[in-house]
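Please consult the sequence and the structure alongside the text.

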Amino acid sequence: MQHLLSRRVGPASSVAFATVLGCSAVSSVDYAPCSSSADCRSAFGLGYACGEQALCEKLEGFERCEEVYPVDLLEAPEKYRDAIVFGSLFDHTESTGDRVLVNAATLAVMEANMSGLGDRSFAIVHCDYQENAKIDDLTSEEAAVEAAKYLVDQLGTPAIVGPGTSGLAEAVYKELAKSEHAQRTLIVSPSATSPSLTSIDTDKPGLFWRTAPPDSVLGAKLAQYMEDEVVTNAVVVYEGNTYGKGLAIELQKNFEDKIELDEYQDPSEIPTKVVEIADGAGTPDNFAIVFIASDVAQVTSFLNAAAANPFYADPEVKLFFGDTAYNGDVIKQTQLKAAALYPNVRGVFPGEPTARQVFKFFNTTYNATFPELATDASYSSHTYDATWLAIYGAAWSYFQNDQKIEGPAMAEGLTKISAGETYDVVSTTWNGIKTAFKAKRSINVSGASGELDYDPMTEETTAPVIRWTIVSDGGSGFRFDTVMEEM
């Protein structure tokens, strides 16, 4: 397979892109009547909508949503009139590792297209919510919400893979729940783990799903890790958002000794927090600092700032981290300054069981298809699974909803994947799953990220937890060393 099969439409393609998604109508659709944008997409393909005069017209593009698979999805929309088009929401900043998540989602779509769904194929539009003044002046939350609205209202996507963080997932879900968005959309996040998202759905089946367990699981395992390391006194420095607060509270619930919560709002506060903790800690016996943040840049900021303070090099001072820190970019961006602290570093992650055959299949296929390694991003297998779950939901909707692909029917399909004959989440089981869903049979799926057994009441999955440290790779670099802790 070729590398980078999903493509970002950049400056070299701007003329062609403007031609396809310009705001002026062309003669073939000047007088094409419509009652909905779905009519126009069916007639002319992606990128057409029903205008104010009830006539089909071309849409303007959205710069944050220009990366697509297949690569000509927006340039030759007539080829994809019947395609089932998903969206994804990730931060495309190269240093975040989300490039791997984008590609993992694309890989699942590529594999599903080996046999399609009936006479229909799949496609995906990847949207970028990074804060980037070269694109616009939107915050990450504003960008995620605007991209979600574009995907749903303009492109008619029935499902979105992502967003990657809890706060953005909550914002996107609440926006799409508003009545002005006529289409109800399935959201499958690979990594939004805040416990508050468990109850965000009021209907069952709900439209918000995730392939990682909530932080109620991770908080308990992190507390146990700290207790096993004989920590009796801890300070928890956490980002004051949905994710940070959620995991900090879960840790506080489960840690039996002295624990102090210390919230920050702006990443610029991190170096100051590092100094304040060192100045106020006193004797560091059995002492730990837990750092919880939603992105890699903040983790690296903390470690690099700590490396400049002798207090943190004391072997009695243990540094614990949540799941965000289990990312290759953390090592890449801190080893020059903070490698001396690595013996003190600990962390947890909702299990990516790399020894399992399903993960090995995903890992091998990914590495043969894209230039990056699947393991460069901690939630790559969760993203692959999340995309396949959306595909499975589409299959249920297709067979049990008069061949219409709609969010609520897709969500119903996800209630059918935790009981019955077990299918691995790999390309070779796709035809068998379609056969089962056509016959209305429930199945059980085993993912690349782990077992995907969803509780019928909470619609949440569980997972074992990895304990990780950072060790020498035997040469001049470093790597994560992991131990799987069973549930």
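This is a predicted model: local features need pLDDT of at least 70, side-chain atom pairs count only at pLDDT 80 or more; totals for chains, interfaces and linings use all residues.

With the bonded cysteines numbered in sequence order, they pair as 1-3, 2-4, 5-6.

**Cysteine 34 and cysteine 50**
- The sulfur atoms of cysteine 34 and cysteine 50 are joined at 2.0 Å.
- Cysteine 34 lies in the loop between α1 and α2 and cysteine 50 in strand β2, so this pair ties together parts 16 residues apart in sequence.
- The S-S torsion is about 90°, so this disulfide is right-handed.
- Cysteine 34 is buried, at 12% relative accessible area, whereas cysteine 50 is partly exposed, at 22%.

**Cysteine 40 and cysteine 56**
- Cysteine 40 is bonded to cysteine 56, with an S to S distance of 2.1 Å.
- Because cysteine 40 belongs to helix α2 and cysteine 56 to strand β3, the bond ties together parts that are 16 residues apart in sequence.
- A torsion of about -90° about the S-S bond makes this disulfide left-handed.
- Both cysteine 40 and cysteine 56 are buried.

**Cysteine 65 and cysteine 127**
- The sulfur atoms of cysteine 65 and cysteine 127 are 2.0 Å apart in a disulfide.
- Cysteine 65 sits in the loop between β3 and β4 and cysteine 127 in strand β6, so the pair ties together parts 62 residues apart in sequence.
- This link is right-handed, with 115° about the S-S bond.

**Helix α2**
- Ser37, Cys40, Arg41 and Phe44 are buried in helix α2, residues 37–44.
- These buried residues fall within an arc of 100° seen down the axis of α2, so they line one face of the helix.
- The buried residues of α2 pack against β2, β3 and α4.

Note on methods
Residues are numbered from 1 along each chain as its sequence is written. Side-chain values use heavy atoms; hydrogens and water are left out. Buried means under 20% relative accessible area, exposed over 50%, partly exposed in between (1.4 Å probe, protein chains only). Helices (H or I, at least four residues) and strands (E, at least two) are DSSP runs, numbered from the N terminus. The arc is that of the directions from the helix axis to the C-beta atoms. Contact means heavy atoms within 4.5 Å. A disulfide is a pair of cysteine sulfur atoms within 2.5 Å.
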